Amino acid sequence: MFSLRLPIPLEKTLITSLPKTSTTYSAYSGMTRFQVCHRYLSNSITKRGTSVVAFQDEVDGEIFVDAFQDEADGEIFVDEDFLEVDPLPVELQPELMPKHVAVIMDGNGRWAKMKGLPTSAGHVAGTQSFKWIVKLCYSWGIKVLTVFAFSMDNWIRPKVETEFLLNLFERSILSQVEECKRKGIQISVIGDTSKLPKSLKSMIANAEETTKENPKFQLILAVSYSGKYDVVQACKSVAKKVQDGLLHLEEINENIIEKELETNCTEFPYPDLLIRTSGELRVSNFLLWQLAYTEFFFNKKLWPDFGKDEFVEALSSFQNRQRRYGGRH
Amino acid sequence: MNFRDGAHNLYHIIVAIGYLGLQLLWYFLQIIVSAWYYILIAGNIFESYFISYGVLKKYKSLHIGKLQYLAIVIESEDAHQTSKVVKLLQWLDSVGVKNVCLYDMNGVLKKSKETIFQTLKNAKSIEEVNEDVTHHAPDHMTLEFVSYVDGKEAVAKAANLIFVKNFKQHNIGGVLDHQISLEPHLNQALQIVGCKGPEPDLLLVYGPVRSHLGFPAWRIRYTEIVHMGSLNFMRYGSLIKAIYNFTKVRHNYDFPKASSQPSTRNK
């Protein structure tokens, strides 16, 4: 219960107030700034701001969204290298880290509503939390991170919102593909891509192809995905194999179906830990088949407010659980 | 030289005192955090007893109408305690929850089915009930017993059934119709292989792990999942609180859910 080690080494107890990057960014002319965000960084303590900068072109009312911006001393800074390694907190044990973490990034819209911002601002803020989680998983030895970026059920949302989301997704990935390749991060996308715009489909194919070599970490993005769809497409694949003579009907069992699921793109297809934000206690049609023994962690924070502290709490909770995978001790 | 040595020693003493001071502060913080943790646990226990004895008025009236189908997952090791399972079902019956699905991975509850039905006089098996269980009059409990074989294995059997049927219907050189919309056929086939129950609105997990332990995945797309702790420490108050929270919380579904409409009441 009591730890003999201090949580923070003596020499690192000072909080610095300068951001990590210092590239000046010019604002668009004629833009209205909604809010300003603040971030204070130190070697070992990070406090995230809860605001976001979004710009609105006053000419045609279109919402432009760009990288998360920090302000210090009147200058605006752009976050560049989000994959700088973050040291493992002392309360976490490296040997007990989950191999595969899945995240349902819920609450962007509610976050924006609470702040009096348009929904798009919530999604922009959400991408920053997403980048944080990728960085932390990469740094802390987690092998696979699967995020529920866009559900098949989300297609019923207003077209403006879905187009914005997919556009944001496309730009976010496009801007990070080369960095991911350099760092050994493999990008994989699962879901029914038939409904996606052509540009996004080709970007996905390019990102997967570019990042497939020598991966140290795998990032799986579930886009236009549903757990039921995954099982159904697996069954269709099995049926095709039966028709092609590769399989007999009598051989069909759950293992055969499992091999055809879209998560077979990874060495660790079953999440050890599922995190869902915003206080909802459901899996919402995400990785239904794969979640049989997954530890659930439901957090009340909205996704844009989910940061390192909350992730550490989820991992600590996971490490303290007894997981029996259905058997006895 | 003596002055230098003295200064050096003084520096070491100051650092040591500083470090000791920080350690004491750290221990003190840990005591505070631990004490807070135990206060929270005690608070939960007291709240549970207050709910049980009707002290907390807001839990006295539950709007059960929103909870049409409840699932309970019990760890197989704990599932052997049939008396506790029966007690839990009696509690549910007393608050008006009539449609319950009981799951444990190894099928222990299925083996205790007879004992459970003998003890609960007004309970029927879901196989005996012809009408849609979510709409029948609440004069008896309807129980469904499910285990791991009713999950993934059932989907594999259902898929097999569809393939066989499809091959027979399109048996011209063994060509399979890939255009068939598989999902509704899979739903029907699951009914045929014995998976009759609807999607639960709420799933309570009794066990050490916050996991549904293989509950039929096909049925929990939008089910609320609440971890209740071990069956050994189950409390009536905690059960009421979980059900109350479910009925009161605004469910932020992204679509109009078929089995229950989203609540417009906020938490």
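User: Are B:Tyr103 and B:Phe215 buried or exposed?

Analyst: In this predicted model, B:Tyr103 and B:Phe215 are both buried.

User: How is a pair of aromatic rings described?

Analyst: Two values are used, the distance of the centres and the angle of the planes. The search of the whole structure gives 12 aromatic pairs over all chains. In one of them, the planes of A:Trp140 and A:Phe311 stand at 10° with the ring centres 5.9 Å apart, so this pair is stacked.

User: Which parts does the pair of A:Trp140 and A:Phe311 tie together?

Analyst: A:Trp140 belongs to the loop between helix H2 (119-139) and S9 of chain A, and A:Phe311 to helix H7 (residues 308-319) of chain A, so the contact ties together parts 171 residues apart in sequence. The cut-off for buried is under 20% relative accessible area. A:Trp140 has 5% and is therefore buried; A:Phe311, at 0%, is buried as well.

User: What is the geometry of the pair formed by B:Tyr103 and B:Phe215?

Analyst: This aromatic pair is edge-to-face, with 5.4 Å centre to centre and 65° between the planes. B:Tyr103 is in strand S2 (residues 99-103) of chain B, while B:Phe215 is in the loop between strand S5 (202-206) and strand S6 (224-229) of chain B; the pair thus links distant parts of the chain, 112 residues apart.

User: Which residues do ring pairs link into a cluster?

Analyst: The cluster consists of A:Phe148, A:Tyr225 and A:Phe286, linked by ring pairs.

User: Where does the charged end of B:Lys66 sit?

Analyst: The charged end of B:Lys66 is over the ring of B:Phe246, 5.4 Å from the ring's centre.

Terms used
Residues numbered from 1 in each chain as written. Chains lettered and ligands numbered in written order. Predicted model: local features only at pLDDT ≥ 70, side-chain atom pairs only at ≥ 80, totals over all residues. Heavy atoms only, no water. Phe/Tyr/Trp six-rings, centres within 6.5 Å; stacked < 30°, edge-to-face > 60°. Helix = DSSP H or I, 4+ residues; strand = E, 2+ residues; numbered from the N terminus. Buried < 20%, exposed > 50% of the residue type's maximum accessible area, 1.4 Å probe, protein only. Lys NZ or Arg CZ within 6 Å of the ring centre and 35° of its normal.
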